[in-house]
Amino acid sequence: MKYLMLFLSILVITGCSFSGFQPPPPVDSWRFPGAEEYFSPDNENGRLEYYDKRDKDMRACGIDPVIGDSLSAKSGLCMEKKGWYEKKGPVCEDPMFYNDPLCVKWRAKHKR
């Protein structure tokens with residue numbers, strides 16, 4: 001019993017020294033080209049304005065702001081019309097949406 005308690009206490013101490021398990025990074029794949037003006041030192045409420053704008057635009061396009069992603073090309077194209085872009089590239093170049101009728105029209109328009 002002594003050895004079991006010693007082993008468990010060493011395991012707990014070792015686990016705590018590595019800060020345990022870290023949560024996954026927040027999903028924040030949407031970017032706005034004019035974000036620098038929101039995050040400038042002169043603008044006191046800039047961050048709040050930026051995140052309010054992102055929240056409002058995401059909800060208008062049918063995207064949950066907490067998750068930050070949707071399973072429809074229509075929502076992604078709506079965000080792109082509002083000026084937002086994803087870090088991974090245009091929504092219609094994602095293999096998941098490649099054969100979506102809206103993306104076929106988008107690729108024909110942009111010649112991609």
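**Disulfide count.** I started by looking for disulfides in this predicted model. A pair of cysteine sulfur atoms has to sit within 2.5 Å to pass, and I ended up with 2 disulfides.

**Cys61 and Cys78.** I looked up this pair and found the sulfur atoms 2.1 Å apart, so they pass the 2.5 Å cut-off and form a disulfide. Where do Cys61 and Cys78 sit in the chain? I found Cys61 in helix H3 (residues 46-61) and Cys78 in helix H4 (residues 73-81). They are 17 residues apart, and the pair links distant parts of the chain.

Buried or partly exposed, I wondered, for Cys61? Cys61 has a relative accessible area of 9%, and under 20% means buried, so I wrote down buried. Cys78 comes out at 25%, so I noted it as partly exposed, since that lies between the 20% and 50% limits.

**Cys92 and Cys103.** Next I went to Cys92, which a disulfide joins to Cys103, with 2.3 Å from S to S. I located Cys92 in the loop between strand E2 (85-86) and helix H5 (101-110), while Cys103 is in helix H5 itself. These two are 11 residues apart, and this pair too links distant parts of the chain. The torsion about their S-S bond is about -75 degrees, so I put this disulfide down as left-handed.

For burial, I got 0% relative accessibility for Cys92, which counts as buried. Cys103 also has a relative accessible area of 0%, so I marked it buried.

**Pattern.** Last, I counted the bonded cysteines along the chain and got the pattern 1-2, 3-4.

Methods:
Residues numbered from 1 in each chain as written. Predicted model: local features only at pLDDT ≥ 70, side-chain atom pairs only at ≥ 80, totals over all residues. Heavy atoms only, no water. Helix = DSSP H or I, 4+ residues; strand = E, 2+ residues; numbered from the N terminus. Buried < 20%, exposed > 50% of the residue type's maximum accessible area, 1.4 Å probe, protein only.
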